[in-house]
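The following report considers aromatic ring pairs, and then turns to a sheet and a helix packing.

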Amino acid sequence: MFKFSLIFSFLLISLILFQGCNTPEQNDPVTSHQNDKQHVTGIINNAAGKTIKLVAFDGEKWNPLSAYEIKKDGSFILTAPNELLYCQLLIDNANGIPIPLAGNDSVYIESSFPNLSENFTASNISYASTLNSYIHMMHEFITSQQSTITLIQQQDPNDTSSVNGLVRKILLAKQPIDDLAIEYVNANPSSPLNQVLSAQFYPNNGFQFWNPTYMNHLDLILNAYKKEYPNAYYTKSLEIQLNSWKGSYEQYQKHLQRLAFYGDLNKPVEIGNKAPDILLENPEGKEIKLSSLKGQYVLIDFWASWCGPCRRENPNVVRLYHQYKDKGFTVYSVSLDDNLEQWKAAIINDQLAWPHHVSDLMKWNSLVVQLYKFNGIPHTVLLDKNGVIIAKNLRGLELEQKLQELLGK
C-alpha cells in the first residue's frame with residue numbers, strides 16, 4: 001500500500017537536499033583564506049550580520065566545516081578541506097543549498113535571504129551552469145507541487161487509485177529534472193556534481209514507481225568515481241547503497257511474480273480445502289513449488305531459526321520424517337527467517353534432512369503469512385496426496401498419532 005511518506009521523498013530528492021539540518025556547534029568564523037583549503041565565497045543579499053555555515057555529509061550526519069558572519073555588503077568567505085565533498089550552505093533555518101566540491105575549488109555564490117534557492121547563482125566551477133539549472137528547477141518543482149501534496153495528504157490511504165494517480169502527476173512534473181540529471185551524468189560521469197544529481201535516481205521509497213534503468217546511471221557514476229575518487233565517502237557509500245538496491249529490486253521483482261502466482265490471497269485454508277500453492281526458493285536459490293510434492297502426504301511446517309518453540313519441535317519432526325519418508329510422507333519447510341546464513345545454519349544444526357526448504361527471507365512480511373492466515377509459529381498444515389488440507393497445527397504426539405492413522409506404525 002502507498003505510504004504518505006513517499007511524497008515527501010520527492011522534496012528530499014538528495015541527501016536532505018534543500019532542507020535545513022541540525023548540526024553540531026560550528027567552527028569559529030573564518031577570517032582568511034588558507035592554502036590547504038578550497039573556498040566558497042560570494043554575496044548573500046538581505047543577510048548582513050547573519051551567520052552562514054558550510055557543512056558536509058559523511059554518509060551518516062552533517063559535519064561543520066566553517067562559519068562566517070556575513071558582512072554589511074553581503075559578502076562571506078567559507079573554507080573546506082581539499083577533498084571531494086558533498087556540502088550545504090545554511091543560514092538560520094532557511095532551506096539549505098547543495099554545494100558539491102571536488103578539491104582545490106573556489107566557488108563563487110550569489111543569492112538572497114531567506115529563500116536561497118530562488119535567486120541562486122554559482123560561478124567559477126566547471127559545472128556551475130548545470131548546478132544553477134538544477135537548483136532553479138528544483139525550486140520551481142517544489143513550489144508547484146505543494147497543492148498536489150496537500151491533495152495526497154487529504155486522500156483516504158486505502159484509495160490507492162486516487163493516491164497513485166496524484167503520485168504519477170508529481171513524477172511527471174519531476175521528469176524534466178531527471179532528464180537534466182541523465183543528460184549530464186551520461187556526459188560527465190565523474191563530475192563532483194553527480195553527488196547531488198545521483199539522488200534523482202534513488203529508489204527512496206521502494207520500486208512501485210521507480211524506473212529500473214536509473215540503476216544504469218548509478219552504475220556509470222560509481223565506476224567513474226571508483227577511478228577518480230576511490231577513497232571518497234560518497235564513492236564507498238554509493239557502492240554499498242547500489243548493491244543493496246540491486247538486491248532489493250530483485251526481491252521486489254520476485255514479490256510481483258509471487259503475487260501473480262498466488263492470485264487471490266484470501267483463498268480458504270480450512271480442513272477439506274485445497275491447499276493454496278506456494279512458490280519460494282531454497283537456500284541455493286532454486287524455486288520449489290508445494291504442488292510439486294503432489295502424490296505424497298505433506299506437512300507444511302512454518303518455522304524460523306529465531307523461533308525457540310520451532311527449534312524445540314524440530315527433533316520430533318525429524319524423527320517422524322525418518323519414520324515415514326518411505327511410506328509417502330515428506331515435509332515442506334517454510335522459514336520466516338530474514339537472514340540466509342542463520343536459516344542455513346539452523347537446517348544443518350537441527351538435521352532437517354528433507355530436501356524441501358524454502359523462504360523469501362521476508363520474515364512476517366512474507367506473502368505466505370497472509371496466504372495461510374496464521375499469526376504465530378510453529379504452524380503446521382497437513383495435506384493428503386491430492387494437496388487437500390486434512391489437519392492443522394498438529395505437533396508432537398498429535399502429529400505422530402495422525403501419521404500412524406494415515407500410514408500405519
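Rings of Phe, Tyr and Trp (its six-membered ring) are paired here if their centres lie within 6.5 Å, with planes under 30 degrees apart counted as stacked, over 60 as edge-to-face and the rest as tilted. The model is a predicted one, in which local features need pLDDT of at least 70 and side-chain atom pairs count only at pLDDT 80 or more, while totals for chains, interfaces and linings use all residues. Residues are numbered from 1 along each chain as its sequence is written, and side-chain values use heavy atoms, with hydrogens and water left out.

| Pair | Centre distance | Plane angle | Class |
|---|---|---|---|
| Tryptophan 62 and tyrosine 86 | 5.8 Å | 40° | tilted |
| Phenylalanine 302 and tyrosine 372 | 5.4 Å | 50° | tilted |

Tryptophan 62 in strand E3 and tyrosine 86 in strand E5 are 24 residues apart, and both are buried (under 20% relative accessible area, where exposed means over 50% and partly exposed in between, with a 1.4 Å probe and protein chains only). Phenylalanine 302 and tyrosine 372 are likewise both buried, and ring pairs join Phe302, Trp306, Trp364, Tyr372 and Phe374 into a cluster.

Strands E3 and E5 belong to an open sheet of four strands, ordered E3-E2-E5-E6 with antiparallel pairing, where two strands pair if DSSP finds at least two bridges between them. Five bridges join E5 (residues 85-91) to E6, and leucine 85 has leucine 101 in E6 as its bridge partner.

Elsewhere, the axes of helix H2 (residues 128-144) and helix H4 (residues 160-187), as lines fitted to C-alpha atoms over the stretch in contact, with angles running from 0 to 180 degrees between N-to-C directions, come within 11 Å and cross at roughly 175°.

Terms used: Helices (H or I, at least four residues) and strands (E, at least two) are DSSP runs, numbered from the N terminus.
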